[in-house]
Amino acid sequence: ASADDAAVRVTFDDFRRLVRRLEEEHKQQRFARKLFDEFDKDHNGHLDGAEMQRFLDAVHMTLSAEARAFFRHHMLVADRDGKVTFDEFARALADVDRNADVTERRMRQSFDAFDAGRKGHLDASDVRRLLEQLGLATEPRHVLRVLHALNADRHGCVDFADFRAVLLQLPD
């Protein structure tokens, strides 16, 4: 085998990762196309200001204010023509997806930082430490009240889903 052959050899795992990435990108493109077509009411191949506003209103509850502002800037201001093509829309959607992944990782890191012993949930002592770091009251009755408020499914501790749900409801 020549040096050129060695340069283009790919392991099976590398190939599998590449195929998965391409499949995911294709899935994201199909999703973006379906979403774009849903809001391109006049089917002219772009979203005008009113169509874009309808999109932003529709996703208001699922996107943070930061993500909505990103969409506005990325698609309406940065483009400067006030019209959003499918390619611009798909790029912005992918960027928001990447930012959401970062946010999810940060939420997980925050949760893990307070989960002493990596139990997979926060108990009263973890919540007390969290409140202490935030400079809030840490009396036992206050800790129990906060634990109860965070514990959406009432199983006695705060799992990541409970923690995440509360963080997503906080104002931006």
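Where in the protein is confidence lowest, and where is it highest?

## Model and confidence

Confidence is lowest in helix α1 (residues 3-8), at a mean of 57, and highest in strand β3 (residues 121-122), at 90. The score is pLDDT, the predictor's confidence in each residue, from 0 to 100. Across the protein the mean pLDDT is 79, and 76% of residues reach 70 or more.

This is a predicted model: local features need pLDDT of at least 70, side-chain atom pairs count only at pLDDT 80 or more, and totals for chains, interfaces and linings use all residues. Residues are numbered from 1 along each chain as its sequence is written, and side-chain values use heavy atoms, with hydrogens and water left out.

## Overall layout

The protein has eight helices and four strands. Helices (H or I, at least four residues) and strands (E, at least two) are DSSP runs, numbered from the N terminus. Along the sequence the pattern reads α-α-β-α-α-β-α-β-α-α-β-α.

Of the 172 residues, 26% count as buried. Buried means under 20% relative accessible area, exposed over 50%, and partly exposed in between (1.4 Å probe, protein chains only). The accessible surface comes to about 11800 Å², of which 54% belongs to carbon and sulfur atoms. Areas come from the Shrake-Rupley method with a 1.4 Å probe; for residues, only the protein chains shown count as cover. Among contacts (heavy atoms within 4.5 Å) between residues at least 6 apart in sequence, 42% join residues at least 24 apart.

Val10, Phe12, Phe15, Leu18, Val19 and Leu22 make a nonpolar surface patch of about 570 Å². Patches are made of residues with over 30% relative accessible area and no salt bridge: like charges are joined within 9 Å, nonpolar side chains (Val, Leu, Ile, Met, Phe, Trp, Tyr) within 5 Å. Phenylalanine 12 lies in helix α2 (residues 12-39). Its relative accessibility is 61%, so phenylalanine 12 counts as exposed.

Helix α2 also holds charged pairs. Arginine 17 forms a salt bridge with aspartate 14, with the closest N and O atoms 2.5 Å apart. Both lie in α2, three residues apart, about one turn of the helix. Arginine 17 is partly exposed at 48%, and aspartate 14 is partly exposed at 35%. Glutamate 25 and arginine 21 meet in another salt bridge (3.3 Å, N to O). They are separated by about one helical turn because they sit four residues apart in α2.

## Salt bridges elsewhere

The structure holds twelve salt bridges. The criterion is a side-chain nitrogen of Lys or Arg within 4 Å of a carboxyl oxygen of Asp or Glu. In helix α5 (86-114), aspartate 112 and arginine 108 lie four residues apart, about one turn. Their side chains meet in a salt bridge (3.6 Å, N to O). Aspartate 112 is partly exposed, at 24%. Arginine 108 is partly exposed too, at 35%. Salt bridges that share partners join Asp115, Lys119, Asp123, Asp126 and Arg129 into one network.

The buried residues of helix α6 (residues 124-133) are Asp126, Val127, Leu130 and Leu131. They cover an arc of only 135° around the axis, so they lie on the same side of α6. The arc is that of the directions from the helix axis to the C-beta atoms. Glycine 135 follows α6, with a positive phi near 75°.

Most residues other than glycine have a negative phi. Histidine 43 has a positive phi, near 50°. Histidine 43 sits in the loop between α2 and β1 (46-47) and is exposed at 65%. Arginine 118 also has a positive phi, near 50°. Arginine 118 is in the loop between α5 and β3 and is exposed at 60%.
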